[in-house]
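Open the model in a viewer and keep the selection tool at hand. The stops below say what to select next and what is there.

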Amino acid sequence: MSTTHRSPEAVATRGRSGMVAAQVVSEIRRTARVPEYFIGVVVLPVILFAMFGLPNSGETLPGGTTVVAMIFVSFACYGVVSQALFSFGAELAAERLQGWLRRLRSTPMPMWVYFAGKLALNLVFTLVIVGGIALLAALAGDARFDASRLATTTAVLLLGTLVFSPMGSAIAYWARPRAASTIVNLVFLPLSFLSGFFFPLSQLPTVLQGVAPWLPTYHFGQLAWSSMAPAADREIFGAGDETSIAVSLVVVLAWGAACTVATAAGYRRELDRERG
Amino acid sequence: MPQTVVRTSGLRKTYGAVDAVAGIDLEVKEGEVVAVLGPNGAGKTTTIEMLLGLRTPTSGVVEVFGADPLAVRHRVGAMLQDTDAPESLTVAEIVGLVGSYYPYRLPTPLVLERADLVAQARMRVTQLSGGQRARLSFGLAIVGDPDLLYLDEPTASLDVGARRGFWTQVSGLTDLGKTILFSTHNLAEADAVAERIVVIARGRVIHDGTPQQIKALVAGRTLRLTTDAPLSSVRDLPGVRNVHEADGLPGSRPITIQAATAEPVLHALFASPYEVRDLIVAEASLEEAFVQLTSVGPDVAEENRR
């Protein structure tokens, strides 16, 4: 082993934690400089909630949950899924088209750091979306949140960010890069619609209601609504169903695991192709 | 005794039926400055990519610091020809980000100074010229204070003044004992900068020596003449290194002979029964001789016919 020839000016870095921190800061800067992304992914769910949620102000379900609180959950779920698919799906696919990701492979950065940076930013933005909608609901919609239920719901929404981000990256790695953005749109709108994020499931045609339980986003919605309201309120609101919470939790986690495996396989495939 | 930093043996990369790298044996010692010299398509970039672990060899061995290239990335910096960088970050931010990936790093202001990018620190990549992008690429190669630096055609997009500044910075690194392997297709540059030149053509090492040895090899005379002598007999004349014919027609046709000296060749030619006319003898320029040395000459064409 040969000796190292340290430059006198060289300084030690903070290792892995420093890498992750630098990656997160870069993601924040990048996003802050592309306001279209921030508006489309973070601000839009808040605006949609203001348009469709706030007019229900004053209505309360028999169990004490306000309708505004239920719609808060709907649009927060929509925001979570939309962000996960757009940042990990469309954005990552666009980055794959550029040579930078390949160039990073000649550096000692492990690739997980890159994904961790993106995921950390998504978690922060989830809190911004949830906080923005919750604040609007409380101040302008008289949502009268129960603090512990709101905390549980927020935890579920963060879990959703962790679970659906791999779905985005799986699309990014398996779709043709130029098609990824279109595919994300094609996937994400029906998913949100059929899972009851735009209006309650009970208002959907019966055929589509039958499709819903086959969708991972539907089960994510079930977890989120059930953390906000008791079963009776969910049923009257139109979000209730016979599926148990345990089943929904298993489906959501399994979906996240499957998408993680698909992402890893897609990443591996790209690596082999590049090195081939 | 300096340690071996880079070692390849029988290194080969095949794309379909094409051998991009056709069996390269190379050893680079600690502190050496080695030029890999060859024409475009000789396999320089593919070789460097295999040394970096960015490509998997079809066969053969690569060792960097005695280990797999991927295991020693923290000691290696690379300036690749691909100059992509995140478009929404500034030059200084990109340098800072990449610096965080290494166990030791140079401060960003110092890197910007060495890469001559102080004035561009707050610019985005999209605002940079080709030469500035190449300098950013150099900055990213040195920010991790690597012991081994690969530079793939580093000066291709730099103007003359920038080249001088660039090589001054590189010599500062060699003074620290760092090992440098760079590729170029410019013999004069390899001569000026490297202490050892490895000439590769068609995916093979065809010469490996000091700049003096390589220059002696290619210096000489160029003879242009029209003759009906067969190529094989011309090639056997004393001191002949290389023969090119303009076309493959039988009978008298113009040919070009590369030779160490002109006189023995001319003596032999005039003593032969063949026709010799339109004779021009010129001093071979280094570049011309180098092109002759590395281009696909009639020897290869003949091998294919056999």
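**Stop 1: strands of chain B**

Select B:Arg221: its bridge partner in strand 13 of chain B is B:Ala259. This is a predicted model, in which local features need pLDDT of at least 70 and side-chain atom pairs count only at pLDDT 80 or more, while totals for chains, interfaces and linings use all residues. Residues are numbered from 1 along each chain as its sequence is written, and chains are lettered from A and ligands numbered from 1 in the order in which they are written.

Now show strand 11 (residues 221–227) and strand 13 (residues 253–259) of chain B, which run antiparallel and are joined by seven bridges. Strands here are DSSP runs of E with at least two residues, helices are runs of H or I with at least four, and both are numbered from the N terminus. Two strands count as paired if DSSP finds at least two bridges between them. Further along the pair, B:Arg224 is opposite B:Thr256 in strand 13 of chain B.

**Stop 2: chain B as a whole**

Select chain B, which has 11 helices and 14 strands. Its C-alpha atoms fill a box of roughly 75 × 40 × 40 Å along the principal axes. Of the 306 residues in chain B, 42% are buried; a residue is buried if 20 or more other C-beta atoms lie within 10 Å of its own, exposed if 12 or fewer, and partly exposed in between, with C-beta atoms placed from the backbone. Among contacts in chain B between residues at least 6 apart in sequence, 70% join residues at least 24 apart. Two residues are in contact if their C-beta atoms, placed from the backbone, lie within 7 Å.

**Stop 3**

Which residues have the most contacts inside the largest nonpolar core? Select B:Ala35, B:Val64 and B:Tyr150; the core has 75 residues. A nonpolar core is a set of buried Ala, Val, Leu, Ile, Met, Phe, Trp, Tyr and Cys residues joined through C-beta atoms within 7 Å. Helix 4 (residues 130–142) of chain B gives the largest share of this core, six residues. Leaving out residues up to four places away in sequence, B:Tyr150 touches B:Ile48, B:Leu51, B:Leu52, B:Ala78, B:Met79 and B:Leu181. A second, separate core has 62 residues, including A:Val41, A:Phe49, A:Ala69 and A:Leu85.

**Stop 4: helices of chain A**

Select helix 11 (residues 245–275) of chain A. At 1.5 Å a residue, its 31 residues should span 45 Å, and its end C-alpha atoms are 45 Å apart, which agrees. The expected span is 1.5 Å times one less than the number of residues. Within helix 11 of chain A, the residues A:Ser248, A:Val251, A:Val252, A:Gly256, A:Cys259 and A:Thr263 are buried. The buried residues of helix 11 of chain A pack against helix 6 (147–174) and helix 9 (216–228) of chain A.

Move to helix 5 (residues 111–140) of chain A. Its 30 residues should span 44 Å at 1.5 Å a residue, and the end C-alpha atoms are 43 Å apart, which agrees. After helix 5 of chain A comes A:Asp142, with a positive phi near 50°.

**Stop 5: where the chains meet**

Show both chains: 29 residues of chain A are in contact with 38 residues of chain B. On the side of chain A that touches chain B, strand 1 (11–12), helix 1 (15–32) and helix 4 (100–104) of chain A each give two or more residues. Helix 1 of chain A gives the largest share, six residues.

Finish at strand 1 of chain A, which pairs with strand 6 (residues 104–105) of chain B in the antiparallel sense over two bridges. Select A:Val11 to see B:Arg105 opposite, in strand 6 of chain B.
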